[in-house]
Each structure stands twice: as C-alpha cells, then as structure tokens.
Amino acid sequence: MTENTTAGTAATPAGNGFNPGRVLVTGGGSGLGAAIVQGVLAAGGTPVVLDRDISRVTGVKAFEVDVADREAVEAAVREAAETMDGLDAVVTAAGIDRCGALDTVPADQWEKVIGVNLMGTASTARAALPYLKQTHGRVVTIASTLGIKAVGDATAYCASKFGVMGFSQALAAETAGQIGVTTIIPGGMKTRFFDDRDEQYKPQDDSRLNDPERVAEAILFALSQPKSCEIREMVIAHAEEGSWP
C-alpha cells in the first residue's frame with residue numbers, strides 16, 4: 001500500500017453552505033472517482049482516495065490499493081480514518097469491465113470484475129462501518145444502468161452491478177437509522193473506462209455519454225440531505241442514454 005499526498009486545488013468553488021466532511025472515495029484516481037474528489041474539495045470537504053493507480057492524484061491523501069484485496073482495503077480504510085480522525089462518507093466508485101461472451105472471457109478476468117465491482121464495494125463498506133456509525137455517516141455505492149437492465153457480452157459486469165444493487169438495498173435495510181445508504185445508477189460517462197476495450201465494445205457515439213461531473217454533483221446532493229432524509233436510489237444519465245430504460 002503506497003500513500004500519495006501531493007498538492008493541488010479544487011476546480012470549482014464550494015456552494016450552498018454544505019460541507020460533506022471526510023469522504024473516502026475508491027477509484028478516486030480517475031473518471032467518476034476523480035470528479036467526486038473535486039466535488040468534495042469544492043464543497044469544502046476532505047476527500048481521501050483509494051485506487052490502484054494514484055499517479056494522477058493531487059491535493060489529497062491517497063493510498064495505492066487494489067479494492068479486490070480485502071485485507072489491503074481494510075488496512076487502507078483504517079489508516080485513512082485514523083489519519084482524518086473519522087469518516088463522514090464513503091463512495092465506492094472503483095470499477096472495471098471485461099467484455100465478451102461468457103465462454104470467451106478468461107475465468108480469472110471474469111472473477112476480477114466481481115472482485116473489484118462487488119467484493120470491493122462490500123469490503124470497503126464493511127471496513128468503514130464502525131467509523132460511519134460514529135458519525136451517522138453515509139455510504140454511496142455506484143451501480144449502473146446495467147445493474148437494472150442486462151445486455152449480452154457483459155455477464156461479469158451485469159452480475160457485479162446487479163449484486164451492488166442487492167447489496168446496497170440489504171445494507172440500507174440493516175443499518176436504517178444508523179447510517180445512510182444511497183445507490184447511484186449512472187449511465188455511460190465520458191471517462192477512460194472504455195479505453196482498454198476492443199473496438200466493437202466501445203461507444204460509437206460519445207455525444208450520448210454523460211459528464212462525470214454531473215454524476216458527482218448528484219452524489220454531493222445525496223450527501224447533503226439532512227440526517228432524517230435519505231436518497232436511496234438515483235438514476236442519472238444523458239438525456240438520450242441508450243441503456244435505460
């Protein structure tokens with residue numbers, strides 16, 4: 001586990017008087033996770049990043065960790081929480097995909113998607129629970145429109161995101177009144193998520209991909225709710241999103 005604490009500044013100013021506090025973001029080194037980090041900074045909060053690649057992270061404390069490694073996640077969450085004297089929220093934005101028919105995707109790669117997307121979500125939430133219960137904090141999980149509507153050549157991703165949906169609903173039920181749980185269900189976004197795909201699995205029209213900053217704003221909105229109010233699920237997508245409804 002490697003720590004990075006280089007300096008930088010938020011891209012946008014804080015507003016509305018809301019401060020999200022101490023927010024741990026998995027996958028905060030790029031894409032949606034990085035947009036969330038900037039949103040937390042802009043709102044006056046203190047983000048900390050868990051990611052397998054923290055080379056581009058600036059301005060915040062960051063730990064290099066594979067979220068599929070439960071023991072590494074537990075150690076990183078504990079160190080992050082102790083460094084910041086607690087946690088107010090966790091956002092599980094780390095995610096990967098391996099496209100292809102079930103019998104063409106190598107089994108270890110298929111299982112890695114489950115390990116990162118589902119097991120990484122559960123491990124992070126579990127490790128953070130003691131700290132979030134102390135602050136009546138919130139967990140925000142990141143599902144997908146492919147967690148409520150399946151497509152072919154995406155069995156690993158759909159299985160993982162359908163799993164995130166079920167996990168989040170069950171966690172919300174068992175922790176009601178103790179912590180908040182929100183599931184964000186985004187459509188496709190303009191990130192590097194598609195870069196390592198074969199050409200046939202890349203979006204052919206990126207004008208229908210949403211800006212991750214819009215999704216980050218939705219997450220900050222969920223975090224800004226008073227303790228007596230919880231946004232349980234939110235779908236956010238480009239107006240012409242093809243994978244929803």
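The model is predicted, so local features need pLDDT of at least 70 and side-chain atom pairs count only at pLDDT 80 or more, while totals for chains, interfaces and linings use all residues. Residues are numbered from 1 along each chain as its sequence is written, and side-chain values use heavy atoms, with hydrogens and water left out.

The chain contains five helices and eight strands, where helices (H or I, at least four residues) and strands (E, at least two) are DSSP runs numbered from the N terminus. Their order from the N terminus is β-β-α-β-β-α-β-α-β-α-β-α-β. Of the 245 residues, 49% are buried; buried means under 20% relative accessible area, exposed over 50%, and partly exposed in between (1.4 Å probe, protein chains only). Among contacts (heavy atoms within 4.5 Å) with a separation of 6 or more, 70% are between residues 24 or more positions apart.

Helix α5 covers residues 212-223 and spans 17 Å from its first C-alpha to its last, close to the 16 Å expected at 1.5 Å a residue; the expected span is 1.5 Å times one less than the number of residues. Its buried residues include Pro212, Val215, Ile219 and Leu223. The buried residues of α5 pack against α1 (31-42) and against the strands β5 (89-92), β6 (138-142), β7 (180-186) and β8 (233-236).

The whole structure holds nine salt bridges, each a side-chain nitrogen of Lys or Arg within 4 Å of a carboxyl oxygen of Asp or Glu. One network of them links Asp211, Glu213, Arg214 and Glu217. Within this group, the closest N and O atoms of Glu213 and Arg214 are 3.8 Å apart. Glu213 is partly exposed at 43% relative accessible area, and Arg214 is partly exposed at 33%.

A further salt bridge joins Lys112 and Asp66 at 2.4 Å, N to O. Lys112 lies in helix α3 (residues 107-135) and Asp66 in the loop between β4 (61-64) and α2 (70-83), so the pair ties together parts 46 residues apart in sequence.

Glu230 and Arg138 form another, with the closest N and O atoms 2.9 Å apart. Because Glu230 lies in the loop between α5 and β8 and Arg138 in strand β6, this pair ties together parts 92 residues apart in sequence. Arg138 is buried at 3% relative accessibility. Arg138 is also in contact with Gln225, a residue in the loop between α5 and β8 that counts as buried at 15%.

Terms used: Lists of a residue's contacts leave out its neighbours within four places in sequence.
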